Amino acid sequence: MNLFASKDDLIRWLDSLLQEYIVIAPVRVQEQTMFQPISKVEEVIFDFDNTTLSPKGWFLPPTETLFSVQRDDGQVELVPTLVEHDAVIFGLHPCDAKGIALMDGPFLQEPGDTLYRERRSRTALVGLACRQVQPECFCTSMGSAPDDPSNVDILLTEVEDGYIVQAVTEKGKALLPKGLAEYKGKMHPPPKLQAVPTKEVISAMRELFDDPYWEQLADRCLHCNICAYVCPTCYCFDMRDYTDKGKVERVRSWESCQSPGFSLTAGGYDPRTTKGERLRQRFYHKFLYFPEQFQDVACVGCGRCVRDCPVNIDIREVISNLQQVTEAKSGS
Amino acid sequence: MSVEYQPKVIGFLCNWCSYAGADMAGTSRMGYPQNIRIIRVPCSGRVDPLFVVKCFQRGADGVLVSGCHPGDCHYTEGNYHTRRRFTLLREFLDYLGIAKERLRVEWVSASEGRRFAELLSDFTAELARLGPRSKI
Amino acid sequence: MDMDLIQQIRDKARNLLEKGTVEGVIGYERAGDGLTSRPLFAYDPSATERLIFDETCAHNLVKYLLDKKGKKMAVVVKPCDSRAINLLLNEKQIERDKVFIIGVGCPGMVETNWNHKSETLQAKCRSCQLSKPLVYDFLAGREVERQAEEETYSDITETEAESVATRREFWLEQFGRCIRCYACRQVCPGCYCPVCFAERLEPLWVGIRIAPEENDLWHTIRAFHLAGRCIGCNECERVCPVDIPLSLLNRKLEKDVKELFAFEAGLDPEEQPPFATFKKEEMLEFGG
Amino acid sequence: MGLESPFIPYLATLKTATQLTPDIKLLSVELEDPDIRASFDYKPGQFALLSAFGEGEAPFGIVSLPLLRDGLEFAVRRIGTVTRALHELEPGDTLGVRGPFGNYFPLEDYGGKNIIIIGGGIGMAPLRPVINRILERRDNYEELLIINGARTPQDLVFQPEFPTWMEAPRTRLELTVDKGDEHWEGRVALVPDVVKELAPSPDSAIAIICGPPIMIRFTLAGLRNLGFKDNQIVTTLEAKMKCGLGKCARCNIGEKYVCQDGPVFTLEQISQFLEQP
């Protein structure tokens, strides 16, 4: 049963959530839209294109302390970081919710990542269906949809005078305020998106590994980390100790396969030395290695990398180029 | 209860003149503020601006770079490069919000023990007047 | 679009490839959005038909010459980008006889994002005084009469007029947004150290934390390493995904270097850069 | 609350540090918690991540055998920041251990076979427990040939053990160096050349090799020339590893995660990887 909340209902509800939870919601920061913990409901923006960074940072922060090292009289104690608060992420689009579901693959597989798992189980996801899509969006080609409720606890869909409220999970039901009326209006069809071929190409990935295409594509690649850091599913990280004024912490931070030194060992050995090999890793991890391990492609079609790549390496174009290469190969 | 604020100073002193000058200040018991941690470098020209920025990042209140007087460099011209580099760096750090008074570049010869002691007292007093740096 | 200019670029590029004068041509093609542009590497004469040039071709293609060392390449160069050629010649990073420079007369670049093109000229173009590239082997199009505003550095002087504390707060807020994607470094024609200080582990300069205090060190040193070397293409600011105003750093140094040393990077490949030289009788007020 | 974080190492004490070569130390490490010490079981070829607190973590093959309960041993070559910090530890100091991780050499499957062990430099480290396990169960295996190479005589890693290895039944230890010194009377030759010269037979044999990439490349070619099939050649891969848990994706090569799927692979398996290490 779908419920209905007026905009006032929604704001009152958010306000009440703020009393009990950390609420992470899209806010404006300078020219950016970011998911950030809010202190009051007025900060929240409801109408936005995909945020600059995806909400993955709540579960895998750009930087976090895994544990700190305390020394007392020669005795060493390792003090783990604890997750202390329940949280609600409000307003995430279905593609971003799918991104989180995909990250569950590596982080919840045994041995589970304790911090990730704690945050995941103590965070409720309140999704916001997309009434509009952007030219860079292609979620429907990646197994999601602008109105996909499958990876959130509650899905909100904006209608003329308020929001349709779908409680998807028990966790979502428990979070909702009492007394919302049933929604009896009509459902709006989700906006349409252009299709990007995916499945056919994925099956051909193995044959394309040594294709000169990768070096050609990498010619213009700058090997910055923008695509990986804006991506809702890129999850590579680095770990090192951080010391400051005698305080020692083991820290992990985002890292990307495009970085120099990503696969370089201390002994000086690096399996990937050319630009093409580095760039290829990004696409193979998304479209071959990840699916082999977790049965789904590591792309949700949010379009952030398309939007932000300084040299227009467009993942959709890569997929269709690969399709052309495959066809040319099978044709010859 | 008020603990008197003690600014933390890092001093990069060239081996040939300024380090010897500091040494002289010490051995002749001229007495200078103990807030300084001295790092001996072969030449003031060895001091990479990165060293200075890193000191500030890790909580130094002031940084002193000191070498031979222009014309007296053991390597002939190292300190002329120092002069150019740090003239620009002081401006730049000031622009980034680290007051230029916190970075001093001084020429101190091996015989200027007294001058070293005096300028350090002066520097420390100035830093005390500026007060602790705001977080980072 | 100036089709005449584009045809000249295409003809020249085709000619160079057909004759084998160069192995490849680095130019611009239309981006996937059908509106903006992106770098194109043409190795086959047929690919030269994709070359374009218009007010969206902001990328400084000179950076790519560093990836193609040892190969003879042609590159499409705007007047501002030509300063990067001079910089890299001065620093012995490229060889003049390995580069064929297709210079272009430039109408100025507009602000663009993927699938968005504004009418607004980029700030660097509003004060650009160059009517044609400083160095080229072939000039496509015409010299452009410039009615440039004078570079007054008004935004810099405004920042300078603030208090030290206000500036500190401002910059920490800006650097606090940084996600250390290093796009500013990767796009910069002056950033080519084999191992960047930011990646160096011994000694370790930039800590692993992506946090304001580490980002602050990164941005301070990134900018300062380019003091007297930044040629003002402003690509770093254009590519920054979180809009950190990097030109406020680069142009502050540009302004000070001009005032202190009467030097501008990339104007003359033979001129000694400010940190490679000195005058004995200068800055005598400095130090004791 | 959930289980202990898999990122938190066990605390351990450095018992002894023995200089094996000018840049390699043998660290003998004891886990502090007696229960964990008793349950910390591993096999030759598995690795652990050692923490030098203040620097970070790095992966090392465990070079001891589990039955020797007096400690875990690691051969650490000073090569970067973590290994420098590990070298600077003194007996009694605390370090961290996470593991054991990865797969191992399936020595049970090699019963009744001739074993050829080929190691170069620090590459001998993961092979040491293999040799000692074979010697411990000597009757299970046929001939054992060990070819151990290093740059110079003083870079040969496990010298104190050479007499034991040489005196073991049906065991031959062949040492070689790239460059001798005034005391060296042995071979001066590259490992691949020694393999060629000794020409071990591929019949009912398994070759286990580890060493620098260039040595591996030429040794593989030599073994193939002698008629070794790819499934008779086993190696342990070096890859960038950070988490050891198959999460950080640093050691991802092709469809494999070296920290979980490896580090031990046959050449046959490696040749089927999409991306070649």
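Biologist: How many residues of domain 1 of chain A are in contact with domain 2 of chain A?
Modeller: In this predicted model, 31 residues of domain 1 of chain A are in contact with 27 residues of domain 2 of chain A. Contact here means C-beta atoms, placed from the backbone, within 7 Å.

Biologist: Where do the domains run, and what do I need to know about the numbering and cut-offs?
Modeller: Domain 1 of chain A covers 3–182 and domain 2 covers 199–331, with bounds from an automatic or database domain assignment. Residues are numbered from 1 along each chain as its sequence is written, and chains are lettered from A and ligands numbered from 1 in the order in which they are written. As a predicted model, it needs pLDDT of at least 70 for local features and 80 or more for side-chain atom pairs, while totals for chains, interfaces and linings use all residues.

Biologist: How far apart are the C-alpha centres of the two domains of chain A?
Modeller: They lie 25 Å apart.

Biologist: Which element gives the largest share of the domain 1 side that touches domain 2 in chain A?
Modeller: The largest share, 8 residues, comes from α2(A). Both β4 (63–72) and α2 (94–108) of chain A supply at least two residues of that side. Helices are DSSP runs of H or I with at least four residues, strands are E runs of at least two, and both are numbered from the N terminus. By type, the domain 1 side has 14 nonpolar, 12 polar and 5 charged residues. Nonpolar is Ala, Val, Leu, Ile, Met, Phe, Trp, Tyr, Cys and Pro; charged is Asp, Glu, Lys and Arg; the others, Gly among them, are polar.

Biologist: How do α3 of chain B and α9 of chain C cross?
Modeller: The axes of α3 (residues 78–95) of chain B and α9 (residues 247–261) of chain C come within 11 Å and cross at roughly 145 degrees. Axes are lines fitted to C-alpha atoms, for helices over the stretch in contact, with angles from 0 to 180 degrees between N-to-C directions.

Biologist: Which residues meet there?
Modeller: Among them are B:Leu88 and B:Phe92 in α3(B), and C:Leu253 and C:Val257 in α9(C). The contact of α3(B) with α9(C) comprises 6 nonpolar, 1 polar and 3 charged residues.

Biologist: Now chain D. Why is β2 of chain D called largely enclosed?
Modeller: Because 6 of the 8 residues of β2 (residues 24–31) of chain D are buried; buried means 20 or more other C-beta atoms, placed from the backbone, within 10 Å of the residue's own.

Biologist: Which strands join β2(D), and in what sense?
Modeller: β1 (residues 10–21) of chain D is joined to β2(D) by 8 bridges, antiparallel. β5 (residues 72–77) of chain D is joined to β2(D) by 6 bridges, also antiparallel. Pairing requires at least two DSSP bridges between the strands. A hairpin of 2 residues links β1(D) to β2(D), and D:Ala17 stands opposite D:Leu27. On the β5(D) side, D:Arg77 is the bridge partner of D:Ile24.

Biologist: What is the strand order of the open sheet in chain C?
Modeller: The 5 strands run β2-β1-β3-β4-β7, with mixed pairing. At the edges, β2 (37–42) and β7 (138–140) of chain C have a single partner strand each, so one side of each lacks a neighbour in the sheet.

How values were computed. Two residues are in contact if their C-beta atoms, placed from the backbone, lie within 7 Å. A residue is buried if 20 or more other C-beta atoms lie within 10 Å of its own, exposed if 12 or fewer, and partly exposed in between; C-beta atoms are placed from the backbone.
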